[in-house]
Amino acid sequence: MKPIGVFYATRQGHTQRIAEHVAATLRAHDLEADVRNLRDRTDGIVLDKYAGAVLAASIHLGKHESEMIKFVKQHRPELEAMPTAFLSVNLTEAGVEDTNATPEQHAQSVALEQGMLDTFSAKTGWHPRRAKAVAGALLYTKYNFLLRLVMQQIAKKGGKDTDTSRDYEYTDWAALDRFVEEFAAEIPCEIFG
C-alpha cells in the first residue's frame, strides 16, 4: 500500500501539530501516512511513491511559507496527477468562524482569506482538488518581542485574545477530521491491492 504524504511548513510549530493530527486521522482510516517537514531537506522526496498528498502551510503576514511555495512549484505536475488537499493555516479563519462577528466582519475575513489562497495559487500555478482554511493559534510565548507586539495588535484589531502571557488555539479539530475523512474517501481502492 502506498502511503499518503503529509507535507507541512511552519514557523512556531502549530502547523506541525495539525499535520500530525491529519496523519493520525488517516491512519485511523487504515491508510499509511508519511509526515515530512518542508524545512528539512526536500530533494529526496519522490511523490510517485505516494497515493496522495496533504499539504499544510501556515500564513505569516499574509503569505504562505516560502518552503511550501517552492515545494509546490517543484512538484506541481505530480501533485496535479494525484488526490491532493491543501490546508491553509491562518488566524483569519478564526474570524470567519467567529459567530459573534458582524456580517461585515465576516465578509471581510472571507475576502481576506480567499485573497491569500488566490495569491498562493497564482504564485504556484497549483489548484488543489481540495482546500480548507484551518484556524491556527496565537503562540505568544514562542514569539520574539517584536513579533509578539505585532501579533497582539493584529489580534486586537481582529477581536482576538491579547494577553501575551499565554497561547491561544483556535483550530476546529472536528471540522479538520471531517475534511480529512472526505479526502481519505477519495483515495483510489486499487492502491491497496
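**Close-up 1. Glu65 and its contacts.** Setting aside neighbours within four places in sequence, Glu65 is in contact with Ala9, Thr10, Arg11, Ser58 and His60, where contact means heavy atoms within 4.5 Å. This is a predicted model, in which local features need pLDDT of at least 70, side-chain atom pairs count only at pLDDT 80 or more, and totals for chains, interfaces and linings use all residues. Residues are numbered from 1 along each chain as its sequence is written, and side-chain values use heavy atoms, with hydrogens and water left out. Glu65 sits in the loop between β4 (63–64) and α2 (66–80); helices (H or I, at least four residues) and strands (E, at least two) are DSSP runs numbered from the N terminus. With 5% relative accessibility, Glu65 counts as buried (buried is under 20% relative accessible area, exposed over 50%, partly exposed in between, with a 1.4 Å probe and protein chains only).

**Close-up 2. The largest nonpolar core.** Here are the 24 residues of this core, among which Ile4, Ile18, Val22, Leu26, Leu87 and Leu176 touch the most other members. A nonpolar core is a set of buried Ala, Val, Leu, Ile, Met, Phe, Trp, Tyr and Cys residues joined through side-chain atoms within 4.5 Å. At least two residues each come from β1 (4–9), α1 (14–28), β3 (52–60), β5 (84–90) and α6 (173–185), and α6 gives the most, with six. Follow Val22 and, leaving aside neighbours within four places in sequence, you will find it in contact with Val6, Val54, Leu87, Leu176 and Val180.

**Close-up 3. An aromatic pair between Phe7 and Tyr50.** The structure holds seven aromatic pairs; rings of Phe, Tyr and Trp (its six-membered ring) pair if their centres lie within 6.5 Å, and planes under 30 degrees apart count as stacked, over 60 as edge-to-face and the rest as tilted. Phe7 belongs to strand β1 and Tyr50 to the loop between β2 and β3, so their pair ties together parts 43 residues apart in sequence. Both residues are buried, and ring pairs link Phe7, Tyr50 and Phe71 into a cluster.

**Close-up 4. Thr124 in helix α4.** Thr124 is found in α4 (residues 103–124) and, at 4% relative accessibility, counts as buried. Its side chain reaches the backbone oxygen of Phe120 at 2.9 Å. Beyond neighbours within four places in sequence, Thr124 is in contact with Ile69, Val72, Lys73 and Arg76.

Methods
A polar contact is a pair of N or O atoms within 3.5 Å; within protein, one must be able to donate a hydrogen and the other to accept it, and residues adjacent in sequence count only if both atoms are side-chain atoms.
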